[in-house]
Amino acid sequence: MKLHQVKRVGLLIAILCTGMINAQSPEITEQRKQLFDHDWKFSPGDHPDARNYDFEDEQWQDIILPHDWSVQFPIEASNPSAGAGGYFKNGMGWYRKEFNVSENLKGKKVSIQFGGVYMNAEVFINGRSLGIHPYGYTPFSYDLTPYLKYGEQNVLSVKVDNSEEINSRWFSGSGIYRHVWITVSNPLHFIHEGIFITTPEVSKAAAVVQMRSKIINESINTENFTLNYTISKGGNLISSGDKKVMLEKGEDETLTFKADVTDPELWSPESPQLYLATISLKKDGSILDEAKVTFGIRSIEYSASKGFLLNDTAVLINGGNVHHDNGALGAAAFDWAEVRKVKILKEAGFNAVRTSHNPPSEAFLAACDSIGLLVIDESFDGWRTQKNPYDYSLYFDHWYKRDIQSMVTRDRNHPSIVFWSIGNEIIERKDPEAVVTARLLKEAILELDTTRPVTSAMTTWDNDWEIFDPLFAVHDVGGYNYQLHHAEADHQRVPERVIMQTESYPKDAFFCWDMTQKHSYIIGDFVWTAMDYLGESGIGRYYYPGEPDGEHWETDLFPWHGAYCGDIDLLGWRKPISHYRSMLWNNDEKLYMAVKEPNPEAGPIKQTMWAVWPTWERWNWNGYEGKPLNVEVYTKYPQVKLYLNNKLIGEKSVSIATEFKAEFEVIYTTGRLVAKAYQEGKEMESFTLETAKKVKKIQLNADRKSFAANGQDLVFVSVAMIDSKGRINPEQEYEINFTIDGPGEIIAVDNGNLRDTDPYAAHSRKTWNGKAMVIVRSGTEAGAIRLQARTEGLKSQEVIINALK
């Protein structure tokens, strides 16, 4: 990403986050959309009487959402979530919140929206049940109006039941882990998520923006009003218009505007330009309701002959799968954690992400919009046939349409979303019934959005591949999980099929890139995975002599409690495979070098299916002096020379035939290893690894110098053990103790080691490969926060973070 883009994106993110997470009072006001995350009480376990209005909850924990209780508990082999859930504790929990509603709000409509609660959430208002929402990943809402007490205290209670396990194939988290909102509106108002903005005509010279607004009149009278819109960018008015409307009582209607935008700034991953539409209902000079929607102007097209076109330009999709957790934070979808995740993905060279295997948070999608990532928005991991005893198959028939349509209505204005996915590796995919189900799911999407293609992910590990042709035919784009080797034969058999590999093994990076280069009908690849994640414990692991054999599903692998198949680890550190993949797909990373870990004397290192050989960006190999090490250089330059302590080790040609890799055997000695890349005899770039000496200092680096004092903002502080010249020494393990002073708190620590079962909710952490991380959460007061790090034998270090009102 270019520097000017980084600065612009940073500004957009700052506006986004401060707009979304301003603290609020416990009284509901007339503001249309109000964050409802503060002043909650929580207690784990089952408390049936907590639904009652007068239940005593003074001893419960005070919390500010988002909240995941699973990650707060120890990682233990006995926990029933087992390897799938990362050995975290789930169970049941209750939330309660007291709030006031002014007498002035009588006659208004008051509703509550939950971004995501895992799972089986039952919501009570003043002791009355509003309903149960089983699926933990889709948003849902309730009308509170009939049950509110005006001018006095109200009580909201939420029961969360994640006790029936195993219900997920990865870490789900437990609790109200996304934002909660209150919406206050007049009887004449926009239906929730009822505004849909599309760009049906797009060129560089002009674009047509279509705004569809669904309005309902819940007053006792016929209403005559004006529907008004404005489109702006960066505070500058682009277009405006209005129309007179009459709506009978009890009626709803969808009204449409079309606006012309000349010389539009088109949205793309390279230039994620965004516009703002403000749509209002006005009567007698007053605004009865108003909605603001961010959108992008862009076009998408796809075909076997042209591939995937974004704004009439062919785009090869370099994608990664991501689960919803934020590592040490668990499932809690803090805005800055979601923004940081998207920034890391973009900086690693990805231009697309698949939300495997569920809808993500709103904050994640907003970050994809503003930073620039294409998105496959995925609905389900399964349909009617179970993968685990208590998974979504229990609810599918009754809930599938509501859940998939709640995803589409919430997410359809995001320009980053270019595909809808209706499922992943559905168990019943060989049955004729699956074709019928796929049609039902696709029809449910098309009722709400016809502008994006529909896909899902298919796979097999036997000979029954052509049997999926009828199911593929339902889809607009065929999603292949690990089956890209079938693509050429499939194209001969079904030449009109557009193919996208929705999951691939990390080790197949070159093959997947090469196939997309050769064939227009293959539009891209999504590696499993872009980032490490909690749960699905041990997938992607490599292992040493004496450690258990087998894949993650074959045996219990505790203390592994997460997946190590990511290009990027839980600290945000890019593994060498990430640099190799980016070098293949992009032009801004052209040279990289890493060292393959040697086999121990006891026997060879073994790799599981999703693993790559353990390879490290370092020249510290204590104990291997005088022994050979294999050094890998990744580059698209045609010639590479390798030097150790200014002595030429070797020279190699690099090309597509060598998969843009050069490997050298080097007898290890400490010092300075330098790879130099040449083109037509001219040195173009160099890459250096140096042996780090004895650790002299703890280095702290905060990803931001200031953050919002709203109780929800975060700063990620990286920890590195460095020598006197600032080089990270990866070889010695240190126990780092953290203390904090000021209006903030330490909420999590990590080191990226998925075999380390020390708690994430702690104030100390061992380093791994010379690194660790601590996450600071703001309080609700402004001031300077001093974070200190200490370890035995070294001087303590500190970093100052300013919490701003």
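**Helices and strands in a predicted model**

Biologist: Which residues are buried in helix 3?
Modeller: In helix 3, the buried residues are Ala 363, Phe 364, Leu 365, Ala 366, Ala 367, Cys 368, Asp 369, Ser 370, Ile 371 and Gly 372, where buried means under 20% relative accessible area, exposed over 50%, and partly exposed in between, with a 1.4 Å probe and protein chains only. This is a predicted model, in which local features need pLDDT of at least 70 and side-chain atom pairs count only at pLDDT 80 or more, while totals for chains, interfaces and linings use all residues. Residues are numbered from 1 along each chain as its sequence is written, and side-chain values use heavy atoms, with hydrogens and water left out.

Biologist: And how many of helix 3's residues is that?
Modeller: Ten of the eleven residues of helix 3 (residues 362-372) are buried, so helix 3 is largely enclosed by the rest of the structure. Helices (H or I, at least four residues) and strands (E, at least two) are DSSP runs, numbered from the N terminus.

Biologist: What about strand 46, how many of its residues are buried?
Modeller: Eight of the nine residues of strand 46 (residues 714-722) are buried, so strand 46 too is largely enclosed by the rest of the structure.

Biologist: Which strands does strand 46 pair with?
Modeller: Strand 44 (residues 697-702) pairs with strand 46 in the antiparallel sense over six bridges, and strand 50 (residues 771-778) is joined to strand 46 by seven bridges, also running antiparallel; two strands pair if DSSP finds at least two bridges between them. Ile 698 stands opposite Met 721 in strand 46, whereas Ala 720 has Lys 771 in strand 50 as its bridge partner.

Biologist: Switching topic, what is the strand order in the open sheet of four strands?
Modeller: The order is 2-13-6-10, with antiparallel pairing. Strand 2 (33-35) and strand 10 (140-143) are the edge strands, each pairing on one side only. Strand 2 is joined to strand 13 (residues 180-185) by three bridges, and Gln 34 stands opposite Ile 182 in strand 13.

Biologist: Last one, which residues of helix 8 meet helix 9?
Modeller: Ala 509, Phe 510, Trp 513 and Thr 516 in helix 8 meet Ile 577, Tyr 580, Arg 581, Leu 584 and Trp 585 in helix 9, where contact means heavy atoms within 4.5 Å.
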